[in-house]
Amino acid sequence: MNKTQRTKNFALCCMVLLLSTLSQAQEHVNGQLWMDTDGKHINAHGGNILKYGNTYYWYGENRPYNGGSTEAGIAVYSSANLKSWKNEGVALATSMKAGHDIERGCIMERPKVLYNKKTKKFVMLFHLELKGRGYEAARVGFAVSDSPTGPFQFLRSQRIHANQWPFDMDEEDIKAAKQTDASQWKEWWNDAWRKEVNKGMYLWRDMKGGQMSRDMTVYVDDDGKAYHITSSQENLTLLVSELTDDYLDFTGKYNMVAPGGQNEAPCIFKHKGTYWLICSGCTGWSPNEARMFSAKSIWGPWKQHPTPFVGTATGYNNMPANKTFGAQGTFIYQMNGKPVFMADIWNPRHLSQSLHLWLPIEFDKEGTPVIRWVDKW
Ligand code: DGJ
């Protein structure tokens with residue numbers, strides 16, 4: 001073999017190696033670690049994807065290997081193809097200042113970033129728990145940035161809708177809610193307690209200090225209006241709230257979905273004029289059966305359907321559909337007009353190692369969403 005031939009062969013080998021490395025890097029196997037372009041597992045959990053220009057941004061909880069609180073903050077990754085993800089660092093960093101709302105050691109969960117076309121700002125909403133207070137603060141945090149990769153500037157955290165009633169409760173409903181008394185109920189889950197919950201017992205309990213906001217998502221409708229959907233009232237009831245035009249506050253218009261239904265991890269999308277809301281039940285980090293609701297308006301009325309999940313996670317953990325294949329949803333994004341369900345397979349011992357599960361949403365003959373296991377994509 002002469003020198004030119006050797007050089008050609010060497011170049012060919014390099015090309016083959018490069019192509020095989022690229023194709024490996026671009027294939028994501030559901031139920032396995034997903035590597036970024038540095039070869040590290042993507043540490044962005046409970047988050048969302050935002051397309052800006054030709055780039056996709058993936059925001060999520062940067063979780064430590066040990067422990068349940070937040071050390072670094074909210075992570076951001078970028079991609080041109082939704083497969084090869086570059087770590088862009090921390091978009092919203094925790095604060096080192098003692099007593100700060102987002103002091104290192106707080107809990108920041110389920111961040112969602114929106115782009116506001118009018119203000120040209122990137123707005124982040126997230127679930128915040130104050131340092132050392134477990135999950136009792138139940139606040140929503142707001143942060144803003146001029147760039148998709150941050151740094152996001154923390155604005156504030158708050159309970160929501162203090163002294164505001166849902167817009168669709170009439171005088172009689174309000175009167176009935178005001179007659180409830182949450183402090184009376186030492187025992188939960190019985191019929192009498194449920195009746196009071198349905199009347200708005202926790203809504204009334206928190207009327208002065210503001211409603212709780214834990215697991216949350218956001219949704220931007222076709223007209224640019226944005227909504228915040230959150231687990232409130234001790235995770236018993238979902239609230240849908242309208243955001244102001246700049247997405248930095250609530251307008252005050254909100255209502256309840258499925259009072260007493262214990263829905264967490266809300267994910268929403270619209271298909272052919274119908275809003276589909278897919279949630280989980282409340283079992284901590286353990287998987288449970290997903291719940292699905294549909295409505296013709298974001299304000300309901302919402303109709304409950306069986307879980308959209310069918311079959312088992314064959315070849316992975318063989319988890320059945322009634323355990324959502326071991327996962328819990330975090331966001332639904334549209335990939336070339338087709339909805340994709342994004343979920344986390346939580347690893348509570350090592351939260352940073354929690355796995356990602358993305359599954360296409362299909363539709364049956366009646367147009368109802370169906371989600372089947374796929375190995376990779
Ligand atoms: C379930 C929620 O969906 C998660 O985001 C997290 O808050 C865990 N509970 C904590 O147990």
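Visitor: What makes the lining of the largest pocket count by class as it does?
Guide: In this predicted model, the lining of the largest pocket has 19 nonpolar, six polar and nine charged residues. Ala, Val, Leu, Ile, Met, Phe, Trp, Tyr, Cys and Pro count as nonpolar, Asp, Glu, Lys and Arg as charged, and the others, Gly among them, as polar. Local features here need pLDDT of at least 70, side-chain atom pairs count only at pLDDT 80 or more, and totals for linings use all residues.

Visitor: How do you know which residues line the largest pocket, and which are closest to its centre?
Guide: On a 1 Å grid over the protein atoms alone, a pocket is an open set of points where a 1.4 Å probe fits, with protein on both sides within 12 Å along at least five of seven lines; lining residues have an atom within 4 Å of a point. The space comes to about 920 Å³, and of the 34 lining residues, L50, L114, Y219, V220 and D221 are the closest to the centre.

Visitor: Why are β7 and β8 called paired?
Guide: Two strands pair if DSSP finds at least two bridges between them; β7 (residues 139-145) and β8 have five, in the antiparallel sense, so they qualify.

Visitor: What makes residues 16-25 a stretch to read with care?
Guide: pLDDT, the predictor's confidence in each residue from 0 to 100, stays under 50 there. Where pLDDT is low, the predicted coordinates should not be read in detail. The chain's mean pLDDT is 93.

Terms used
Residues are numbered from 1 along each chain as its sequence is written. Side-chain values use heavy atoms; hydrogens and water are left out. Grid points are joined across faces, edges and corners, and a volume is the space filled by probe spheres set on the points. Helices (H or I, at least four residues) and strands (E, at least two) are DSSP runs, numbered from the N terminus. Contact means heavy atoms within 4.5 Å.
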